Amino acid sequence: MKVRLAPMLALSMATLLVIGACTSAAPTNTGPQTGRTGGILRFGQSAADVGTLDPHFASGTQDRSLIDMVFNALIRFKPGDGTQFEPDLAASLPEPKSEGAKQAWTFTLRKGVMCQPTDGVPAYELTSDDVVYSLQKSADKNRSAYAGEYSGMTFEAIDPSTVKVTLDSPLSKALLYPKLANYSGGYIVCRKAAEKLGADGLKTHPVGTGPFTFKRYSPKEKVELVANEAYFRGKPQLDGVEFLYMPDLTSRELGLLGGQLDVANGTADIAWVEKMERNADAKVDVFGVGEVVSIHFNSRIPPLDKLPVRQAIAYALDRAEFQSLTGARVSEQVFSPVPAQFMPGGLTQQETAAKGLDYKSDRDKAKKLLADAGLANGFTLNMVTSELPSYRVVYESMQAQLAKVGIKIDLKVVDHTSMHSTIRLDTNPIVVYVAFRPNADVYLSQFFHSDAIVVTGKKPNTNFSHYASIDSLIDQARSEPDTAKQTALWKDAQTKILQDMAAYPVMFTNLVYARRKGVDYGHELKSVLALYPGIDETTRLMKK
Amino acid sequence: MNAAQSLRDRDVVVRPVPARSQRRRMWDTFVGNRAAVFGLGLALAITLLAIFAPLIASQDPLAQDGARRLTPPDDVFPLGRDAFGRDVLSRILHAGRISLVIGIGSVMLGGTVGTLLGLVAGYSGGKLESLLMRAVDVLMAFPSLLLGLTVLAVLGPGLEKVILAIGLLLSPPFARVVHGATLSLKEQEFLTAARAVGAGHLRLMRLHILPNMVGEIVVLVSVWTASAIRVEASLSFIGLGISPPTPTWGNMIRDGTTHLINAPWLSIFPGVAILLTVLAFNLLGDGLRDVLDPKLQQ
């Protein structure tokens, strides 16, 4: 059969023009809100499945973001800006009161906050009983992964709308508020639902007071949320959210560009950002919180038990080489474990350089240090890396950089969950960790306090270097009421870390998400602790 | 003498074909098969490029340059640079060494093990034959990639482990073919004659059976080399092959998928390398089968 090409081409072109005319009418997200827009927002997240939806155990990005849509806390970080606090379930931000050596914080609950209904538990008004139950759960190491954050704290329901939190040792607002805010253990679960569902039920069936209500979980596919019509800040603009698990970046990218997704998690790579920005239908948001990349040296594994060897590695590494693989717009170099750019207590480049602790790349010096340590011919280290690009890039760059001074790294690539398990078994001589923590105290406590040493610590956490030389500084800073003195103590602690080269701070990488032009999050994006742009009652979808 | 009688007489006169003449005929058959000659030439070219990769590659395949990452192909870097700023051409050339070592090494291993199993099973018969061939059947029941995954999940990644895993996958087909050929050969009269003059079992297998199935084995070797390279690429693609930073065609394709839209050359060029290599060995295998298979000759 003879095909007549010209008419077919003309027909195709005409069809494309019609489709183009229809789709190009998508409005932008500027301008005031006028009426409810509705629609289901489809969100592609970089994970294969749910980790856990119990907010007091969740730590993965995919879980934190979903939990944030379902739960509230007494206090919340301002939407889109993780540097400011505002009341959430509490009617106002409290001030501390001294009670002898103790410190008390009293929260008055907002009226009319409804716990979402679930099977066998109809909707009911949240009371102080729920809040106390939830905070006690957070403080219980059998029911929470963040129990250590709440040690020395007691919770009491004064009346149905008043909760009193008493601290054995006083804390500043800067340290207390994050513990009770919408982050990790601060999320408030509804007691009746939690008791009805049990510990296992909560893992896949979150019930809170937030703008969206859990509807359905399809393993390895998606979680569906619907608008919570009884939400205390008003009915959400969206009808719901489809939270899709899509571990492959290219699939998410094509899903967004093809219109099957409205929001997609991207990657901290400037090449990806610029590529997506070239597409007229997509908008890319690069925002905080910056997750800090640090390289921790296990001082129990020879030859890393020798300070000159750890220093040699530090001098062999070059922050600029690491950063060149992500791009300046999505990352920034850091010179202390606490990032000075957005957190008090961090050391700036100038401060570390003045102390001679910036470890500016000097491979000749590194070789000399190795030779002096009797390792002129180098040595080999075996370690695992996660398959995630954010980890592999750092491990493989480190591998190439250390090879230049004779240090060979044999890398084994494993899935992300396996990497987290393995490094907590104390087997990796060098651990690359990418993490955000809400303040200097949490960074230092979790990564450098002896209690947090992996396997052998009193409360094993993420002290991979087995560092135990700044416990007193951390403890002292935590209870220091004077902000300036507290900051000085944190800086002293980090000076010691760098002198002992327990960890090499590399850079922080920002969060990268892409969205269709018709998506309006409802707030400016500066930094979000839940590691996603923040979908709430104000988020709108304007694509029709 | 009538014509029919004459034809019968000619039929019974068996003229021994000189070995040189037989080799000549085989060579003529092979050379006459243009696809096979192309396959041989391509396989030789790929092998030479892989062997001399350190001399041919203009760049260190592991040298990173973040400032020039994802640079498209140009005069200096004809196949572009990857996400670490490494030269894609140099990495493909060096990856070829890994792929060929794995392809040839695993076929040698699988071929040796499979040939021995098939030979012993076919020659011995009885319970030993049943035992060995059922074991082979069990191995063949698993999809090759699944079996490779299982072995590597237990052993962990690494060149020698990949060779071991793929070699294990390849031994059953060799065993099946050799077993069948042995069953056929051991009924031949020349074997009875050799047995009659006192040849032992080992001698019979080594000098009388094995040399008569070299043709089949050579064909299997060339065809399965292609398969071994393909399986290695698949295992590397899913992250179970060779560990970074060593390049293999499979892990290059996988790493390129992240940048498939803005830097397609990262996946396309190693994909082409796999395609050409697999094609070369398959064409070569087909050509050898045409030459060595007596049925096809008739």
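Let me start inside chain A, where the C-alpha centres of domain 1 of chain A and domain 2 of chain A lie 31 Å apart; please keep in mind throughout that this is a predicted model. Domain 1 of chain A is made of two segments, 40-262 and 518-541, while domain 2 of chain A covers 288-510. Where these two domains meet, 13 residues from domain 1 of chain A and eleven residues from domain 2 of chain A take part in the contact. On the domain 1 side, helix 4 of chain A, residues 173-180, gives the largest share, which is three residues, and that side as a whole divides into seven nonpolar residues, five polar and one charged.

Now to the two chains, where 18 residues of chain A are in contact with 19 residues of chain B. On chain A, at least two residues each are supplied by helix 6 (249-257), helix 7 (270-277), helix 9 (319-324), helix 12 (389-403) and strand 19 (407-414), with helix 12 of chain A giving the largest share, five residues. The side of chain A that touches chain B divides into seven nonpolar, four polar and seven charged residues.

Finally, a word on confidence. The model scores ipTM 0.75 and pTM 0.79, and chain B averages a pLDDT of 87, with 91% of the residues scoring at least 70. Among the elements of chain B, helix 3 (residues 34-51) has the highest mean pLDDT, 95, whereas helix 1 (residues 3-12) has the lowest, 47. Over residues 7-14 of chain B the pLDDT is below 50, and this stretch has zero contacts in the model beyond near neighbours in sequence.

Key. Residues are numbered from 1 along each chain as its sequence is written. Chains are lettered from A and ligands numbered from 1 in the order in which they are written. This is a predicted model: local features need pLDDT of at least 70, side-chain atom pairs count only at pLDDT 80 or more; totals for chains, interfaces and linings use all residues. pLDDT is the predictor's confidence in each residue, from 0 to 100. Helices (H or I, at least four residues) and strands (E, at least two) are DSSP runs, numbered from the N terminus. Two residues are in contact if their C-beta atoms, placed from the backbone, lie within 7 Å. Ala, Val, Leu, Ile, Met, Phe, Trp, Tyr, Cys and Pro count as nonpolar, Asp, Glu, Lys and Arg as charged, and the others, Gly among them, as polar. Domain bounds come from an automatic or database domain assignment.
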